[in-house]
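Please look through the sequence and the model shown here before reading on. The report that follows takes up a pocket, a strand and a set of annotated positions in turn.

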Amino acid sequence: EEDIYSDAEEIERKKILRCETTSSEHKLSVAPEMDILEYCRREWRGNTPVANKMRKGYEAVAQKFASIRRVRGDNYCALRATLFQALSQATQLPSWLQSEDLTMLSENLLSKYDWIKQWQLKEKLGRKMGKISDEIKEYLILLRKKWKTISEIKGPLEKQEACDKLFRNEEEEYRLYEALKFLMLNTAIKLYSDDKNGKRVPVFSWLLFARDTSSNPCQLMHNHLNHIGHSGGLEQVEMFLLAYTLQYTIQVYRLYKYNTDEFITLYPNDPEEDWPVVTLITEDDRHYNVPVSMCQETML
């Protein structure tokens, strides 16, 4: 993908840095901590207007966070960064993961909506796929098990070690993302149904289904959710859907929006007061990293 923001020297330096990072991290999904200003200096050395804006953006983030952890930049990036942050600070199992209906969710939805049979599962999970409802049920149970285990760890270092271990297990990690995607579909179906039945729905729901490519949940699945992790990542309106599904506020420092009202964006922008907060950093609304080590916010 062409880098339209950097000069030639900067582009070449970034290529070398990516090679060094890839070889040294051994497929770590979330890299070790690095001083956030040092990271900025390595990434943005040029004198282009965009580089200057990025440096100022990172300086602003550094007033609240000392370090950054680089997140692997595949098409699961937004899910990976959000789930990593949520698990890193988890102290209890969310109510929606405690529901007895969770394990029957895939079977129940498939009995109502035949088109869900066309759900695209992540390939290369190491074994042949069985019934799609059984696969998704397994992923949802895994998500609940991992969240419960990590939330019960009291010591912050031990909790972080458990998160790091999970995000080194590629097979389990991708199953968790597929579980999140399916939960997002379930949320979208509920919102669509509520709107059709005259119930109040959040504004982003109207935007979600106002797109030509997702005028209903079936289109949303075919044209968007099925592509996440394969050929595309989350679009902005889908960040709202993810936040609403997790019942977390996702706070994002959008560095290219520095010095505007959109520099710090909340998904959703009118969150419930008791929703926990996770914080991410993005330079372009495509790739997300996670800030750490300093007055981490857990509530707005």
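The largest share of the lining of the second largest pocket comes from helix H9, which gives 8 residues; helices here are DSSP runs (H or I) of at least four residues, strands are runs (E) of at least two, and both are numbered from the N terminus. The model is a predicted one, in which local features need pLDDT of at least 70 and side-chain atom pairs count only at pLDDT 80 or more, while totals for chains, interfaces and linings use all residues. Residues are numbered from 1 along each chain as its sequence is written, and side-chain values use heavy atoms, with hydrogens and water left out.

A pocket is an open set of points on a 1 Å grid over the protein atoms alone, where a 1.4 Å probe fits and protein lies on both sides within 12 Å along at least five of seven lines; its lining residues have an atom within 4 Å of a point. The second largest pocket holds about 570 Å³ of space, a volume being the space filled by probe spheres set on the points. Among its 21 lining residues, Leu-105, Leu-183, Asn-186, Thr-187 and Lys-190 are the closest to its centre. Helix H6 (105–112), helix H9 (170–196) and helix H12 (236–246) are the elements that give two or more residues to this lining.

Strand S3 (residues 249–254) is largely enclosed by the rest of the structure, because 6 of its 6 residues are buried, that is, under 20% relative accessible area, with exposed meaning over 50% and partly exposed in between (1.4 Å probe, protein chains only). On one side Thr-249, Gln-251 and Tyr-253 are buried, and on the other so are Ile-250, Val-252 and Arg-254.

Asp-74 is found in the loop between strand S2 (67–69) and helix H4 (77–88), and Asp-74 counts as partly exposed at 24% relative accessibility. Leaving aside neighbours within four places in sequence, Asp-74 is in contact (heavy atoms within 4.5 Å) with Arg-80 and Tyr-174.
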